[in-house]
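Subject: Handover of a structure and notes on its contents

Dear colleague,

Please find below the structure that I am handing over to you.

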Amino acid sequence: MSPPKWHLAHTSWFFETFLLKPFLHDYQTPNEHYEQLFNSYYNGVGEQFPRPQRGLLSRPTVAEVLDYRAAVEEGMRRLLATGDHPSRDAIAQRTELGIEHEKQHQELYFTDLKYSLEINPLAPVLWPRLQSTGGATPALDWQHFDGGLVTVGCTGEGFCFDNELPPHQYFLQPFSLADRLVSNAEFLQFVISGGYQQPQWWLADGWALVQAEGWTAPLYWRRAGTGFTEFTLHGPQPLAPDLPVSHVSAYEADAYARWAGARLPSEQEWEWAAAGAELERSLRPGSPRYHPRAAGAESGVRQLFNHCWQWTSSAYAAYPGYQAASGAIGEYNGKFMSNQLVLRGSSCVTSEDHARASYRNFFYPRDRWQFSGIRLARSLHGPQGTQDDTL
């Protein structure tokens, strides 16, 4: 995990590295060592400070990081004031990317902070106690989709990341999608039934990881007497049965789906089902909740956005015709298109305008410190599209 001040510094470093240094002729960095300290993974820029050791950086102090941010902000003000700059188009594009990049780190700020607080034996509480779970979860139902030739990828006129492009056609077989996320109560049945001890549900790499790490439940679940507690940004809470299960790896999501007689959706199925869906209100700063809510009673597919990222079965790979930008900035997404899986939707701490159907999040299948949950899918079989009702 990265400490909060590293996120503050790295997002400033992004503007400094990709805008101020190349385009503001008289810019002077406050500290030349910041180029290495706050470089996340851009090999084209130079060396990076080892990620596992970021928490050991007692210097610069938080005050010094904030001074760095102020210097970068002042430099950006001067750069953007030069409206006749010969590289005006590149400056505009990179500034927009830098803003969206910072929004991603605002989310990582909370998920990294949650992990850091939970491993502290004192179990610090960031906000007052969570008061409401949002009501009882309705019974899971299925929404059926005919499939066919569909368009996948970003087609709107607003900002999107390069990995959402270009839009292209994809053929979908008929499928069903669960109308809500899997709840804590439902996942608890998998735990109680011995799901973590039964290899038949697990992919080989997942089973090996469960054995090596000693996993017996989702990341923030802790046994308490005959039940469980769950650590949240509101502190440890009794496990709320109606809330979506979160902080599970792709291996756990896939194992649960097999146990439940279903599967994970492909990213194309998820996007097609979510296209045109009305976005639920986000839980943004100012709200007393930084945790997923229970599903409401409304009809149709819900909990698509602003609850949990949802694992898909799709490998994170380039769309047909994808081309990364030239230079170090092209490392933003493209070089990670190997050995990772796509998640769709958005979480309770995601920036609200990142909640769109075409957004492609990606993590390694073992990762579970994000607000990652489970939505089930099923194939429709037979010439009449007969549904397999084993679930």
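I begin with the packing of helices. Helix α1, residues 4-23, packs against α4 at an angle of about 170 degrees, and their axes are 9 Å apart. The two helices α1 and α4 are therefore roughly antiparallel to each other. Sorted by class, the residues in the contact of α1 with α4 comprise 15 nonpolar, 7 polar and 3 charged. Please bear in mind throughout that this is a predicted model.

Helix α4 (residues 88-118) also meets helix α3 (residues 62-81): their axes come within 12 Å and cross at roughly 150 degrees. Angles over 145 degrees count as roughly antiparallel, which makes α3 roughly antiparallel to α4. The crossing in which α3 passes α4 is left-handed. On the α3 side, the contact is made by Arg69, Met76, Leu79 and Leu80, and on the α4 side by Ile91, Thr95 and Glu102. This contact of α3 with α4 has 4 nonpolar, 1 polar and 2 charged residues.

Another pair of helices is arranged as follows. Helix α5 (residues 184-192) packs with helix α7 (residues 250-259) at an angle of about 85 degrees, the axes being 11 Å apart. An angle from 65 to 115 degrees counts as roughly perpendicular, so that α5 is roughly perpendicular to α7. Here Glu186, Phe187, Gln189 and Phe190 of α5 meet Glu252, Ala255, Tyr256 and Trp259 of α7. By class, the contact of α5 with α7 consists of 5 nonpolar, 1 polar and 2 charged residues.

The structure contains 37 aromatic pairs. In one of them, the ring centres of Phe161 and Tyr359 are 5.8 Å apart and the planes stand at 90 degrees, so the pair is edge-to-face. Phe161 belongs to the loop between β2 (148-152) and β3 (168-172), and Tyr359 to the loop between β9 (341-345) and β10 (361-363), so the pair ties together parts that are 198 residues apart in sequence.

Most residues other than glycine have a negative phi, and most peptide bonds are trans. Against that background, a cis peptide bond joins Arg59 and Pro60, with omega at about 5 degrees. Pro60 is located in the loop between α2 (34-37) and α3. Leu165 and Pro166 are likewise joined by a cis peptide bond, for which omega is about -10 degrees; Pro166 sits in the loop between β2 and β3. Asn306, although not a glycine, has a positive phi of about 70 degrees, and this residue lies in the loop between α8 (267-274) and β8 (309-315).

Finally, how confident is the prediction? The mean pLDDT of the protein is 92, and 93% of its residues reach 70 or more. Over residues 282-286, however, pLDDT stays under 50, and the model gives this stretch 14 contacts beyond four places in sequence. The pLDDT is also below 50 over residues 382-391, a stretch with 17 contacts in the model beyond near neighbours in sequence. Where pLDDT is low, the predicted coordinates should not be read in detail.

Yours sincerely,

A colleague

Definitions and conventions: Residues numbered from 1 in each chain as written. Predicted model: local features only at pLDDT ≥ 70, side-chain atom pairs only at ≥ 80, totals over all residues. Heavy atoms only, no water. Axes fitted to C-alpha atoms, helices over the stretch in contact; angles between N-to-C directions. Helix = DSSP H or I, 4+ residues; strand = E, 2+ residues; numbered from the N terminus. Parallel < 35°, antiparallel > 145°, perpendicular 65-115°, else oblique. Left-handed = near helix turned anticlockwise from the far one by under 90°. Contact = heavy atoms within 4.5 Å. Nonpolar A, V, L, I, M, F, W, Y, C, P; charged D, E, K, R; others polar. pLDDT = per-residue confidence, 0-100. Phe/Tyr/Trp six-rings, centres within 6.5 Å; stacked < 30°, edge-to-face > 60°.
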